[in-house]
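New notebook page, new structure. I'm going to click through it piece by piece and jot down what I find.

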Amino acid sequence: MATYAEMQQIYDDIRGDFRYDHELNGCLNCGICTATCPSAQFYDYSPREIVQLLWTENVEQIYDAMQEKIWACAQCMTCAARCPFKNSPGGLVAIMREVAIKHEMQSAKDVLRPFGRVMLKLITTGNQLSPDMIQPDHFPDWGPNIQKVEGDLRLLRKAIPVKTLQTVDTAWEVSLKTSVEMYTIWEMTGVLRSLELMDENLFDVIEDFIDEKREDYEDWLEEQEEDEEDDD
Amino acid sequence: MGDTVLVVGAGPAGLSAAANVTAAGYKVVMVEKEEVLGGAPILSGYARLVPSGEWAKDAIGRMVSRVEEDANCTVHKNAKVTQLDGEAGNFTATLSNGETVKAGAVVLATGFTHFDSINKPEWGFGTYEDVLTTTQMEQMVSSGKIICPSDGRVPERVAILLCVGSRDRQIGREWCSKICCTVSANLAMEIKEISPGTDVFIYYMDIRTYGLYEDKFYWKSQEEFKTKFVKARIAEVTASGDGRLLVKGEDTLVKRPIVIPFDIVVHAIGMDPNEDNPEISRIFGVGLEKHGFIERAEHYTNTCGTTRRGIYSCGAAYAPETIDDSISQGAAAGARAVADLHALVRKAG
Ligand SMILES: Cc1cc2nc3c(=O)[nH]c(=O)nc-3n(C[C@H](O)[C@H](O)[C@H](O)COP(=O)(O)OP(=O)(O)OC[C@H]3O[C@@H](n4cnc5c(N)ncnc54)[C@H](O)[C@@H]3O)c2cc1C
Ligand code: SF4
Ligand code: SF4
Ligand code: SF4
């Protein structure tokens with residue numbers, strides 16, 4: 001359990017986010033956000049409650065909501081599209097999650113652990129999901145449509161007239177240059193720093209991988225220059 | 001002509017202004033774009049009015065005949081002002097029927113436009129036959145029979161959704177329409193009176209039955225007519241397989257989403273600025289405030305003024321307004337127009 005001062009600091013960090021005043025204007029307490037929220041249908045979660053806790057500066061209950069509730073939000077932003085006061089409860093949840101990560105809250109670590117694999121796949125291939133991951137057994141809800149992916153995937157993908165999509169172990173091919181640019185973006189926007197706070201082991205693996213890719217890219221650039229000199 | 005006031009719009013506000021101008025010994029020329037006088041309560045067929053309980057056609061009907069029988073009041077129906085020249089004390093208006101009117105002052109009593117529920121598609125109006133507006137429900141009450149338009153059955157449950165087209169930034173309506181809470185509490189009583197087997201639920205964010213409307217409407221509707229007030233704004237109206245309507249909202253007490261079946265859903269529609277206001281602003285040279293209503297002159301010392309000298313306004317042309325207040329403001333605008341004309345004439349003489 002955190003001390004009151006810690007909880008106050010967490011609230012201050014949420015309040016201090018540059019997006020905060022844009023996402024929260026006040027609240028008419030109408031409940032439209034909760035009524036339209038898909039997560040509220042299934043979990044003990046209510047966007048109106050989150051908005052009310054923030055608006056009334058209830059630091060203890062805010063801290064409590066960050067243990068579990070805020071992780072139920074699907075970030076679909078239906079609430080933001082419907083709120084008659086033009087608040088964005090989903091946007092507030094995004095800020096709260098970032099603050100939970102910054103404070104290395106256990107709840108954040110628990111929730112994010114299963115996503116380590118997704119993160120790894122994303123960073124190593126630039127894709128979250130690849131065609132060869134779509135196994136018929138894994139998608140019973142697709143019904144008969146699943147047969148469409150049961151054929152010869154390699155052949156089917158070859159039929160797509162876009163070269164970068166003619167792969168099966170990635171959704172599309174990401175060029176080395178794009179990957180390296182993405183790493184820079186993730187570094188500068190604090191994504192990698194968040195990863196380090198949440199899962200140090202995964203961060204180490206990914207950092208090594210990034211270093212390697214950057215070297216590959218440097219080598220490739222040098223090769224290009226040499227080729228040019230040869231041409232001269 | 002320094003002894004004539006041009007009154008545009010013959011709703012409660014304009015009818016009141018006209019009567020007060022002639023009572024002071026001046027003349028009125030009235031220009032109304034529709035073919036009947038009386039404004040929204042007559043044109044939309046309201047039932048019993050708040051707070052008097054009188055039928056609209058009787059109450060407003062009296063105001064109409066007072067003006068129609070007034071020898072000092074000339075009425076142009078089916079007409080609009082298309083051009084206005086001159087200045088305070090000496091205006092010349094050209095009408096769409098080809099006539100020209102000389103007047104010393106102008107009172108704009110051009111009122112409001114009902115919110116069109118089509119602009120809020122998630123609440124089912126235009127999609128489901130049993131989703132109605134308060135004006136349609138008023139007409140049903142006037143007809144003396146409460147039935148579902150889809151198949152004529154008597155509804156077991158009616159939901160009234162408040163603030164439809166008001167207090168909603170998503171659709172640029174940042175005002176409260178002031179009267180719909182009271183009108184809805186009243187409508188619930190009227191429904192129950194005609195159809196005792198029908199239960200009425202009102203979904204609200206806040207109840208604004210201000211002043212003396214608190215016990216007369218909000219309390220009475222609950223105590224004597226068992227109207228259920230539920231604090232929640234509805235998110236969506238859909239249909240169930242058996243032809244009933246499904247209303248989806250949050251039960252704000254237990255903080256859970258709920259879906260409730262109803263037979264009729266009524267939108268308590270708000271008051272938009274008159275859709276003619278951009279045209280009125282151009283023709284009469286008056287400013288509009290940020291929501292699109294007519295802008296007032298100095299708030300405390302020139303309450304009935306507009307941004308142009310010699311042109312006055314009143315009622316729902318300024319902001320969402322009740323009939324009672326529109327009538328008071330109409331009287332004030334008429335009196336102020338006459339007083340300013342009197343001063344002008346004295347100065348000239
Ligand atoms: C569903 C509903 C129920 C209501 N019930 C009640 C109630 O019970 N009690 C109550 O106090 N209030 C009630 N109100 C509010 C009431 O309708 C208004 O207070 C009242 O109509 C305002 O009067 P007005 O004369 O200012 O405007 P209006 O009634 O809108 O009259 C304006 C007149 O001007 C005319 N006009 C408009 N533009 C032009 C133009 N360019 N040229 C010429 N003529 C023009 C219009 O045709 C109209 O005749 C209700 C409102 C709604 C929406
Ligand atoms: S963004 Fe989150 S809170 Fe908003 S509707 Fe979607 S799941 Fe609910
Ligand atoms: S929809 Fe907006 S105004 Fe309504 S309860 Fe949710 S945050 Fe508050
Ligand atoms: S009067 Fe009541 S129903 Fe009408 S807009 Fe205001 S709060 Fe909503």
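Predicted model: local features only at pLDDT ≥ 70, side-chain atom pairs only at ≥ 80, totals over all residues.

**Domains of chain A.** I looked up the domain assignment first: chain A is split into domain 1 (4-103) and domain 2 (113-231). I then checked how far apart they sit, and their C-alpha centres are 32 Å from each other.

For A:E104, which is not a glycine, phi is positive, near 50°. I traced A:E104 to the loop that runs between helix 8 (89-102) and helix 9 (106-112) of chain A.

**Ligand 2.** Which residues come nearest to ligand 2? I found 13 residues around ligand 2, and the nearest are A:C37, A:C73, A:C76, A:M77 and A:C79. Two helices of chain A, helix 4 (38-42) and helix 7 (78-82), each give at least two residues to this shell. I sorted the shell by class and got 9 nonpolar, 4 polar and no charged residues.

**Ligand 3.** Next I listed the residues around ligand 3. Among them are the cysteines A:C27, A:C30, A:C33 and A:C83, along with A:R48, A:P84 and A:N87. Helix 3 (32-36) and helix 5 (47-55) of chain A are the elements that give two or more residues here. By class, I have 8 nonpolar, 3 polar and 1 charged for the shell of ligand 3.

**Ligand 1.** Over to chain B. The shell of ligand 1 holds 40 residues, and B:E32, B:V50, B:A316, B:E321 and B:I323 come nearest. An oxygen atom of ligand 1 is 2.7 Å from a polar backbone atom of B:I323, and a backbone N or O atom of B:A316 is 2.9 Å from an oxygen atom of the ligand. With B:D276 the side chain is involved: one of its N or O atoms is 3.1 Å from a nitrogen atom of ligand 1. How much of ligand 1 does the protein cover? I read off 97% of the 1000 Å² of accessible area that the ligand has on its own.

**Who lines ligand 1.** I went through the elements of chain B next. Helix 1 (12-23), helix 2 (40-43), strand 8 (112-114), helix 4 (134-143) and helix 8 (323-348) each supply at least two shell residues. Both domain 1 (4-111 + 274-348) and domain 2 (117-271) of chain B contribute at least three residues each. The class tally for ligand 1 came to 20 nonpolar, 12 polar and 8 charged.

**A cis bond.** Most peptide bonds are trans. I noted a cis one between B:V50 and B:P51, with omega about -5°. B:V50 is already on my list of residues nearest to ligand 1. B:P51 belongs to the loop between helix 2 and helix 3 (56-68) of chain B.

**A strand pair in chain B.** Do strand 11 (199-204) and strand 12 (228-231) of chain B run parallel or antiparallel? They pair in the parallel sense, over 4 bridges. I found B:I202 opposite B:F229 of strand 12.

Methods. Residues numbered from 1 in each chain as written. Chains lettered and ligands numbered in written order. Heavy atoms only, no water. Near = heavy atom within 4 Å. Polar contact = N/O pair within 3.5 Å; in protein donor to acceptor, adjacent residues only side chain to side chain. Areas by Shrake-Rupley, 256 points an atom, 1.4 Å probe, with all protein chains shown as cover. Nonpolar A, V, L, I, M, F, W, Y, C, P; charged D, E, K, R; others polar. Domains from an automatic or database assignment. Pairing = 2+ DSSP bridges.
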